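Here is a friendly briefing to read alongside the model. Please have a look at the structure first, and then follow the points below.

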Amino acid sequence: MLLTRKATGQAVPQSRLSRTIPIQTLDRRTFLKRSGITVGAGAVASQLPFSMIREAEAQNAEGKLEVKRTICTHCSVGCAIDAVVQNGVWVRQEPVFDSPINLGAHCAKGASVREHGITHDSHRLKYPMKLEGGKWKRVSWDQAYDEISKKMLEIRKQSGPDSLFLVGSSKHNNEQAELLCKWARLWGTNNTDHQARICHSTTVAGLGQTWGYGAMTNSYNDEQNSKSLLFLGSNAAEAHPVSMLHTIHARENGCKVIVADPRFTRTAAKADKYVRFRSGTDVPLLFGVLHVIFKNGWEDKEYLKNRVYGMDQVKKEVMEKWSPQQASAVTGTPVEDIEYIAKTMAENRPGFIIWAMGQTQHNNANGIVRASNIVQLALGNVGRSGGGCNVYRGHDNVQGATDVGPNPDTLPGYYPVAVPGSWTHWAKVWNVDIEWLKKQYASEAMMAKPGMTVSRWIDGVLEKNDAIDQDSNLRMIIYWGHAPNSQSRGSEMLEAMKKIDLMVVIDPYPSASAAMFAKVRQDGAYLLPAATQFETDGSVTASNRSLQWREKVIEPLFESRTDQMIMYQLAGKLGFGDQFIGKKDGKADHIRLVKGKGGMDEPSMEDTLRNEINAGTWTIGYTGQSPERLQAHMRNMHVFDVKTTRARGGKDAKTGYDLTGDYFGLPWPCYGNAKIKHPGTPLLYDTHKHPMDGGHAFRALFGVEKDGVNLLAEDGIANKGSDITTGYPQFDHVLLKKLGWWDELTDEEKAAAEGKTWANDLSGGIQRVAMKHGCTPFGNAKARAVVWNWPDQIPQHREPLFSPRPDMVEKYPTHDDVKVLWRLPTLFKSVQQQAVKDEVYKKFPLVLTSGRLVEYEGGGDETRSNPWLAELQQDGFCEINPKTAADRGIRNGEWVWVSTPGKNPGGGNVRLKVKAKVTEGVGPDTIFIPFHFAGWWQGEDMLPYYPEGSAPIVRGEAVNTATTYGYDRITLMQETKTTLCQVAKA
Amino acid sequence: MSRLLAALVLAAFGLAACGEREQVIQPVSEKRYQGKRDSKPWDNDSPVAELRGGKWTKGNQASWEEQIKIRQLAQHEHKRIYQ
Amino acid sequence: MARMKFLCDAERCIECNGCVTACKNENEVPWGVNRRRVVTINDGVVGAEKSISVACMHCSDAPCMAVCPVDCFYRTDDGVVLHDKDLCIGCGYCFYACPFGAPQFPQAGAFGLRGKMDKCTFCAGGPEPDRSAAEFQKYGRNRLSEGKLPACAEMCSTKALLGGDGDVIADIYRERVTRRGRGSEVWGWGTAYGQAPRPGAQPPQQQQPSGQKS
C-alpha cells in the first residue's frame, strides 16, 4: 500500500517498494508492465528473506522528486542531510558533501534519520491517548484538548499558575523554543525548564561568569587550527562522532590529543595519551596541571596582565594546595601524567579543553567548569583561533533552546526574570500588554522569582509545602519533548507521578513517561503526538553557535501535529491564543498564521524568527540571522571554507544575496539587524579581528573596577581597527553621547535608542555605531578568574555526596545545606555526612558512572524505536573490570544486579538488572552504565504499561532509576556521573 | 531496451553471459557464471538532479569513471579543506 | 579502468556504526542481516584497541566464486563481486570460504532453513535491470548506476572507510599516511587484493597468491 501524506491517515503499512524511486529512465516501469516477467520476478522475490516486497509489483510509485535540505536531530554537531522526497514520502537520504560542518559524514544516528519517515511498523505515538482505568485509550484531539484545558484551569483556580511545571525541549527548533518560553509566561509561571539544565547549565553559568557568554568559544572546525586538545569529560567518538572528523584531521596534522576520563573510551582509543582519574575529581586534576604550569612559568604573563582579573589569587591558592602530588593523591592519577598534560598543553598552544557531561553533571560542576576556564586563561588560550573551551552541547538545539527557550530564570536571550526591564522589553517584542501579563502571574514577586528546575520537579511535588518557596506544590507536569529517564532519582519520580493531578506528554515518542505513569496510576495522564523536526521548518543552533535552517521534509505523520500548532491550539483553549501570536492593537502580522496539517492554522516559523527572536534577542546577537540569510547559507554551503567557516565569495542564485565574508550559519553573536550584514562571530573574545569581521572581546559584565583593580582590558587591547584602543564598558546611550557618536544614529534610531543600552535598543543603532568604530557592543573587559559573587570564589574541590573516600570527604567536604535554591530546599552536607556515618562506601564500594552510546540519543525512546539503530544495541549493560567481575564470579555477558544507595519507597535499595560487559575500559573501582535505556523497572519489563504499538524495540534498565541525590550549588545540575554501587550476579 | 531484452532472453534460457564476462582472474577454477547477465552502470542515463548523482555520457565508460573518481574525492577531506 | 575497492583506516575508525546504518537505510536490509559491521578488537585495552568496518571486500581472487557449487557469482567490469540470488541455493559454502565473514544467511521459515545468501553489493545492485524494483527488492540500491559510491563510505563519520576506485583510494590513503607518519598498515588489503595500498606498507603475513589487477 502506498503511503500517502494525508494528514489524518492512520498507521499505514508501507511496503519496501513504495519507497523505491523511479529513475527518469523507462526501464523499471516498462519492465513491470510485462506481465509474465512481473510474475516471475514476484515469485522469486517471495522466496527471499526480504519479506516486505510482495504486493510491490502492482505499485506505481511515479512522482515528482524533491530534495529537502535538513539537519540531523541527534546531536549538536549539525550535520546536513539531503532528504529526497517523492509523493510526500521520504524515499532516500543523500550526504551533503558541501556542508563545511560535516562534509557529508554521519554517525549511526545521522545515517539512519530517514527512518523517521517510515510508517511501516512505526513505534511513534500515532494519536492522542488518555489513561483510563489503567489502560491507554485512544481519544480525539478535541477531546484531549477539552479535558486537559478544563483540568488545567480548574487546578490553576485552586492552586495558582505555579502549580504547573512545564518541561520544554532542546529538540524544539529555535522558534518553537522561543514560543514555548513565551507560552509558559503567558500562562503565568517561571516553572519551566528543558534539557539544558541537566546538560550544560553549569557550563553556561561558569563560562558566563568568567567572560560573558556561556557558549562554546570556538567551533568544531577550529580544532583543525589547534596544536593540543584535552578531552576532559567528553567521549566525542560516541556522543559527537562527526566532530571527530575535525579532531582526527587535526591530530594527523600534528595536534596532540589527550583524553582524561575515568573510562578508556572510543575517543581515548584515538588519542596520543590516555589519563585515568577518579570520577568527580576534575578540579584537583586541573589544578594539579595548573600548579605545574605556574611552577615552570609557562603561563602567558602578558595575556594575564592585559585580559584577566584575579589570576594572582588563584595562583596563590593553587601553589599552596595543589601540588601534583596532592592532586595525585585525590585523583589517583600518577604525577607524571599530570605533568605530561601540563607540559603538552604549554608546549602546544593554541589548544582546547573539550568537555561535555563528564564535567557538567557533578554536584561540584560549577567549580570544575571554572577550573577549566582558568587553565585556559593561564595559557592564554581563549580568544584566538585554535584555542578555547569547546563545550560540546548535547541535543541538536540545546544551544538554541538555552539561548531563547523555556528557562526558569531568564526570558529569551538571557534577560533575567528578576529584572523588570526584561519583562518590558519582551512584552514589547511579543506585542503583549505588560499589565495583562502581570495579572497572569500569581504576583509580581513570583514573576521575578526564578522557577524550579527540571532536575528537581519531583521535589516540587514531594517536598513539604512549607519548605518550598511558592504557594502550592506542583500539581501538573507537562513533558513537552523531554524524556523522564534523563533525570536522576528515578525511583522517587514514580512517587511524584503517583501524587500529581495531571501529566501531559507531548512527544513523538512519549513512551518512557507513559509507561512509568501507567505503572503507578489508573488515570490522570494524556499523551499528545507531536511532529518531529523533519515535519516542520525552522532554525537550529549547533554547538558552535551557527544557525541552520531546516526545510520541512514531510508532513506530520499519523495524527501528529507540529509543536507550534499544539502550542497555539492549547493556548487558545487556555485563553491566551491571541497573546500567543501578538495580536495586541489589532496587529495581524506579528506572527502570521499559516496553514499546517489538515489545513489548520499554526504560527509561522519565519515570522517567529524575524519578529520575535531577531527583534528582541540583542544580548547574544540573534538579531542578524534573518530567515533569508540563513536560507541563502543552506543553499550555498559550498562557498564556506572548512577551516575558517567563512565564505570567500559567492552570490545566492535565488535571491542575489552576497555571501562574501559571512561565517557559516552566522554564529551568534551576529549583532545588529540583518541589514548591516554582520558576518557572525566564529570565535568568541577574539580581538585580533574587527567586530564587523567577526571580532569580539571579553564582556564588561562585572563593573569597571573591583577593589581598586581595573576590570576593563588594559591599554593596547582592543579589536583590530577599534577607535578606542583600551578597555571600555558596555555601550549605552550615555557612552555614545560622551564619545560624540550619538549623531551617527539616524533619527529613527535615536528615538528608539534614547535611554537604552546595546541590549535593549530595539533599533540596533547602538550596536551598529559601536561596531562601526571597531568596538564590541558589550564592552571590552577582562575575564574573571575569581567569581566573587559565588560561594566558591576560587574553584574548590568538593567530594561527591556519595564518595568512595571518607578520608577525602573529611578533607574536601561539600557545601552547607541551602534552605531555598530555585524555590526548593537543597541538601549538601547532611546527605554527605550521613552517607559517611552509615558507611555507605563499604556496602557500595564501587563508583557508578554513566554516559552515552553512539547508537542512541538522550532518553533513547526515539532511537531505540529505530530498528536500524536498535539492532546494534539490544541489551542494557554495565561495563565492569575483569578483576571486579572475577572477584564476584561474574562472566562476560551474564546478567548482574547493580544496586545503589538509592532507596525504593517500599524499602530496599534500588537495583538494576543489566548484562555484564567485562572490559579493562573501566578501572577495578568503577562501573559504567549507558543512560539511554528505559522500559525495565528493576528487573521488570514494563511492556504492559506502554500504549499499544508505541513501546520501543529495545528496552532496558534506566541508569537514572538508581542514581542518587546530589545537585550543583549554583544551577541544580544533577549528579549522574559519580555515585556508589555494588554488583552481584543475577 | 534491447539490452534489457537480451538479458531476459539469456536468463530465460539459462545460457548465462559466459562469453561476455571478462573474468580476468580465475585461478581456482575455470567455472563460469551461470546467472543472468548484469548491465553496466554507464549504460544508464544520468539520474535526475534530485538524486544527487553523477553526470556522464550514456554508454561511455570513461566518462562514467571520470565522474565517479571526482566524486570519490568527497571522501578525501583534505580536498574540501584545502581547496 | 576503475577497480572498485574498500579500505578501512583503523587509525580513524571510531566504531560509530554510521556505515552500518547507512547500509541498512540505503538498501533496506532487514533486521538480522548485516552486510557491513564494525569490529573492535582489544576493547578497553589502552594502546591496543582498534576498530575496523568489515563487509565484502570484492576480492580480486574471490574465494566465494571459487567454491560456489552453482556458479552464481560474477565480477563486474569495475571489479565488484555480485551474485544472482535466483541461482543461489543457500548452501553456505561461500560463508566458509570468505576471509571476511561477509555472506549473510537470513533464516527463512520455521525450520531455520538458510535463505538465499545476501551480501554487500558495493551499492551496485545485482543482475536485474539497473534501478529497477526487482533489483532493489533482491539486492538493494544501485548507486553505481546513479554515478554514486557506496553509502557506507560516502557517509563515514571520520572518512575512515573509503570506497571507490582502488587507485584513487591509494592516493587518498597515501597522502593521509604521509601527513600523519604512521598507520600505514591496512587491514584486509593483502587478503582481498593481494597488494598493499602504497609502496612500503606492510600487508599481513599470510600473503595470498598475488592477483592481477583487473
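Two residues are in contact if their C-beta atoms, placed from the backbone, lie within 7 Å. This is a predicted model, in which local features need pLDDT of at least 70 and side-chain atom pairs count only at pLDDT 80 or more, while totals for chains, interfaces and linings use all residues. Residues are numbered from 1 along each chain as its sequence is written, and chains are lettered from A and ligands numbered from 1 in the order in which they are written.

**Chain C on its own**

- In chain C, 52% of the contacts with a separation of 6 or more are between residues 24 or more positions apart.
- Chain C has seven helices and eight strands; helices (H or I, at least four residues) and strands (E, at least two) are DSSP runs, numbered from the N terminus.
- Of the 214 residues in chain C, 62% are buried, where buried means that 20 or more other C-beta atoms, placed from the backbone, lie within 10 Å of the residue's own.

**Where chain C touches chain A**

- The contact involves 45 residues of chain C and 52 residues of chain A.
- On the chain C side, helix 1 (18–27), helix 4 (133–139), helix 5 (151–155) and helix 6 (166–180) each supply at least two residues.
- Helix 1 of chain C gives the most to this side, with six residues.
- By type, the chain C side has 17 nonpolar, ten polar and 18 charged residues; Ala, Val, Leu, Ile, Met, Phe, Trp, Tyr, Cys and Pro count as nonpolar, Asp, Glu, Lys and Arg as charged, and the others, Gly among them, as polar.

**A helix pair in chain A**

- Helix 8 (residues 282–295) and helix 10 (residues 311–321) of chain A have axes (lines fitted to C-alpha atoms over the stretch in contact) that come within 9 Å and cross at roughly 105°.
- Helix 8 and helix 10 of chain A are therefore roughly perpendicular to each other, a term for angles of 65 to 115 degrees.
- A:Phe287, A:Leu290, A:His291 and A:Phe294 of helix 8 meet A:Lys315, A:Val318 and A:Met319 of helix 10.
- Five of the residues in this helix contact are nonpolar, one is polar and one is charged.

**A sheet in chain A**

- Seven strands of chain A form an open sheet in the order 5-4-18-17-16-6-7, with mixed pairing; two strands pair if DSSP finds at least two bridges between them.
- Strand 5 (135–138) and strand 7 (192–193) of chain A are the edge strands, each pairing on one side only.
- Strand 4 (residues 129–132) of chain A pairs with strand 5 in the antiparallel sense over four bridges.
- A:Met129 has A:Arg138 in strand 5 as its bridge partner.

Technical notes: Axes are lines fitted to C-alpha atoms, for helices over the stretch in contact, and angles run from 0 to 180 degrees between N-to-C directions. Angles under 35 degrees count as roughly parallel, over 145 as roughly antiparallel, 65 to 115 as roughly perpendicular and the rest as oblique. A residue is buried if 20 or more other C-beta atoms lie within 10 Å of its own, exposed if 12 or fewer, and partly exposed in between; C-beta atoms are placed from the backbone.
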